[in-house]
Amino acid sequence: MARTLYGKLWDTHVVAEADGKALLYIDRHLLHEVSTPQSFEALREDGLTVRRPETQLAVADHSVPTHDRDKPIDDRQAAAQVALLERNCAAFGIEYLPLAGNDQGIVHVIGPELGFTLPGITLVCGDSHTSTHGAFGALAFGIGASECGTVMATQTLWQARARTMRVTFTGRLAPGVSAKDMALAFIGEVGASGAVGHAVEYAGEAVAALSMEGRMTLCNMTIEAGARTGLVAPDETTFAYLRDRPRAPRGEQWDAAVAFWRTLASDADAAFDREIVIAADGIAPHVTFGTSPDQVVPLGTVLPADARFDRALHYMDLRPGDAMEGVPIDHAFIGSCTNGRLEDLRAAAAVIRGRHVADGVRALVVPGSMRVKAAAEAEGLDRLFVAAGFEWREPGCSLCVAMNDDRLPPGARCASTSNRNFEGRQGAGARTHLMSPAMVAAAALAGRIVDVRQVAR
Amino acid sequence: MKPLSTVTGQAISLREADVDTDIIYPARFLLVTEKKGLGAYAFADRRATPGFPIGEDNDRGILIAGPNFGCGSSREQAPWAIGDLGIRVVIAESFGEIFYGNCFRNGMLPIRLDAAQVAALHDVAEAGGTIDVDLAARTVSAAGDVLPFDIADDRREALLNGWNDTLRILALHQDDVSRFEAAQRRAAPWLWTARI
Ligand code: SF4
């Protein structure tokens, strides 16, 4: 029978079945400091060990400071949390990538760049944006802390099979439009809970044309439509990205792996429970106006009058009929697991060349990982950002979640490349507008939201 | 895990849609590495809002919520915090998927009902009426109506018995897992290299 990519990934990981569910084998587990303290505690309470420590990899990213990393962490709670992760990993035999090392970064950035993430695997992490890794054709999804404990002890999880949704982006993106805009357009179309219960596969010409970075951006934001899993079938772009990554297979094993990975595409006649088609060539840059990622408009339109948005618009201090172009911003953030990779920094840098951040705007660039940072510095991007008035920071989640001291004051308005514009996400009372890296750069320079396509080169 | 079979009493009504996990448990409190006592931080940024229905002095075991409740992050602190306030049942039209699953692992029962049924329960809750949740019978009863709800059999059984997922898998499926691993080692040896 014809199968979808999701169906193939599922079928190759079933350990047992009961009550319409499957006990799925979990190949890889990424850990970070915030979602695992209680998972390790649960193992201790029940006297359990980790079944395959070599399949687990830990890094601190959420609560780490992005400056003065040569000094001890200032915040007492954050310091304790990071130290606890390191201790727990040592106690249970799990590899921990140290804060001061060359491999540290946001979990969803380092997994792929180390080749820890591979096509055809199941991968979980106590973090909803684990959907990112689906860009490689891996069945990847976010789990809670209890499940992290279950995975460590058993290497499995009981899961209900999701329905399938295919999102086909026809045509090619116009200049100035990126994967972030594709993600926002999709979320705007289906809504924040529109894909709940589904595994989403992205397909079509515009997806095939995306780099791995772009595909990761797209899969990353799948959770904002309610789906835990986003997928792109692996292809030559995927293999070229993974070849020679530190933990990717080598030699004969590489060849065998690639031969298998080539089978990981939905069969031509596979049926999806739901099909959505979006014309990629018609997508304009998107900006969120509200406090949920589906409260989003393409540039060139005005905010809708709809009672459902009353609370959000009040929080955001905006009104129906307003255009997003021209809305003044006082903060700009380039980073996160959505848009903190090299390609994202390059896209922002390309807009900046020679110009300076507007007066009254505080702008931050937080590379997604030490490797991204090093690569960007090798190209001179750090100097370019600093000369333009941006702060150049150390890798971490930073203003995406505001758990460290990168936090906005009440009433601040931020153009941000992150993935959630929830109330208080970047600091209690702060307002977040999600958009692409190029759009954030343009907004930082103008001091207001502008159409990056109209910023003179 | 604490078993759950019936919960009866007055309920809290929170009608707002898309109440995300950042609202339920603001990120800055994620620095806390404990699991107990998190009710102190539940809805921390909302409590000051006049008329907000949930406070630390909560004595109601049932929450009637708006659609897409618990969307957003995977943080299990969201159900831990709500559970710490004594809430064991959350009824809504729909839930964030990870939050929904997390509830079961903590002895809490999320119930999906259709929009009209949830609206009626909001009215009952606001009027101070009693709501009766019976997991064994799979029903919610209020104001003379008995509303059946769907729940997966395995989840219902686990909750009724207070089973722990991890220990059940270890007790029942060790051999299945070993068999799977042996087969995968042959089929996909690149997943089994010494350094991953
Ligand atoms: S960057 Fe943001 S979304 Fe990504 S893992 Fe960190 S906190 Fe989560």
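Across the interface of chain A and chain B in this predicted model, 21 residue pairs are in polar contact, both residues of each pair being at pLDDT 80 or more. The elements of chain A that each give two or more residues to the side touching chain B include strand 1 (14-18), strand 2 (21-25), helix 2 (37-45) and helix 3 (76-92), together with helix 5 (145-154), strand 8 (156-160) and helix 10 (251-261). Among these contributors, helix 5 of chain A gives the most, with seven residues. Salt bridges between chain A and chain B come to six, and one of them joins the side chains of R425(A) and D22(B), where the distance from N to O is 3.1 Å.

The extent of this interface can be described by residues and by area. In terms of residues, 70 from chain A are in contact with 52 from chain B. The size of an interface is often expressed as the accessible area that is lost when the parts come together. On that scale, chain A and chain B bury about 5100 Å² between them, and 57% of this lies on carbon and sulfur atoms. Within chain A, the residues that lose the most area to chain B are Q38(A), R51(A) and Q253(A), which together make up 11% of what that side buries.

Chain B itself has 196 residues, of which 55% count as buried. Its secondary structure consists of six helices and eight strands, and from the N terminus on these elements follow the order β-β-α-β-α-β-α-β-α-β-β-β-α-α. Along the principal axes, the C-alpha atoms of chain B fill a box of roughly 65 × 40 × 25 Å. Of the contacts in chain B with a separation of 6 or more, 68% are between residues 24 or more positions apart.

Turning to chain A, the loop between strand 3 (28-31) and helix 2 holds S35(A), a residue that is buried with a relative accessible area of 10%. A polar atom of the side chain of S35(A) lies 2.9 Å from the backbone oxygen of G126(A). When neighbours within four places in sequence are left aside, the contacts of S35(A) are with G126(A), A145(A) and C148(A).

Another buried position is L57(A), at 2% relative accessibility, which has its place in strand 4 (residues 56-59) of chain A. Which residues is L57(A) in contact with, leaving aside its neighbours within four places in sequence? They are H29(A), L30(A), L31(A), I94(A), E95(A), L97(A), I110(A), L114(A), F116(A) and R247(A). As for D344(A), which is 287 residues apart from L57(A) along the chain, the C-alpha atoms of the two are separated by 25 Å.

In a regular strand, side chains alternate between the two faces of the sheet. Strand 18 pairs in the parallel sense with strand 15 (residues 331-334) of chain A over three bridges, and in the parallel sense with strand 19 (residues 431-434) of chain A over four bridges. A415(A) takes part in both pairings: A415(A) is the bridge partner of A332(A), and A415(A) also stands opposite H433(A) in strand 19.

The cysteines of the model raise a further point. A disulfide is a covalent bond between the sulfur atoms of two cysteines, and the count over all chains comes to zero. C89(A) is in no disulfide, as the nearest cysteine sulfur, that of C148(A), is 12 Å away; C89(A) is also buried, with a relative accessible area of 1%.

Finally, helix 16 (residues 437-446) of chain A is mostly covered, with nine of its 10 residues buried. The buried residues of helix 16 include P437(A), M439(A), V440(A) and L445(A), along with A438(A), A441(A), A442(A), A443(A) and A444(A). Just after helix 16, G447(A) takes a positive phi of about 80 degrees.

Methods
Residues are numbered from 1 along each chain as its sequence is written. Chains are lettered from A and ligands numbered from 1 in the order in which they are written. Side-chain values use heavy atoms; hydrogens and water are left out. Two strands pair if DSSP finds at least two bridges between them. A disulfide is a pair of cysteine sulfur atoms within 2.5 Å. Buried means under 20% relative accessible area, exposed over 50%, partly exposed in between (1.4 Å probe, protein chains only). Contact means heavy atoms within 4.5 Å. Buried area is the accessible area (1.4 Å probe) that two parts lose on being put together, summed over both. A salt bridge is a side-chain nitrogen of Lys or Arg within 4 Å of a carboxyl oxygen of Asp or Glu. A polar contact is a pair of N or O atoms within 3.5 Å; within protein, one must be able to donate a hydrogen and the other to accept it, and residues adjacent in sequence count only if both atoms are side-chain atoms.
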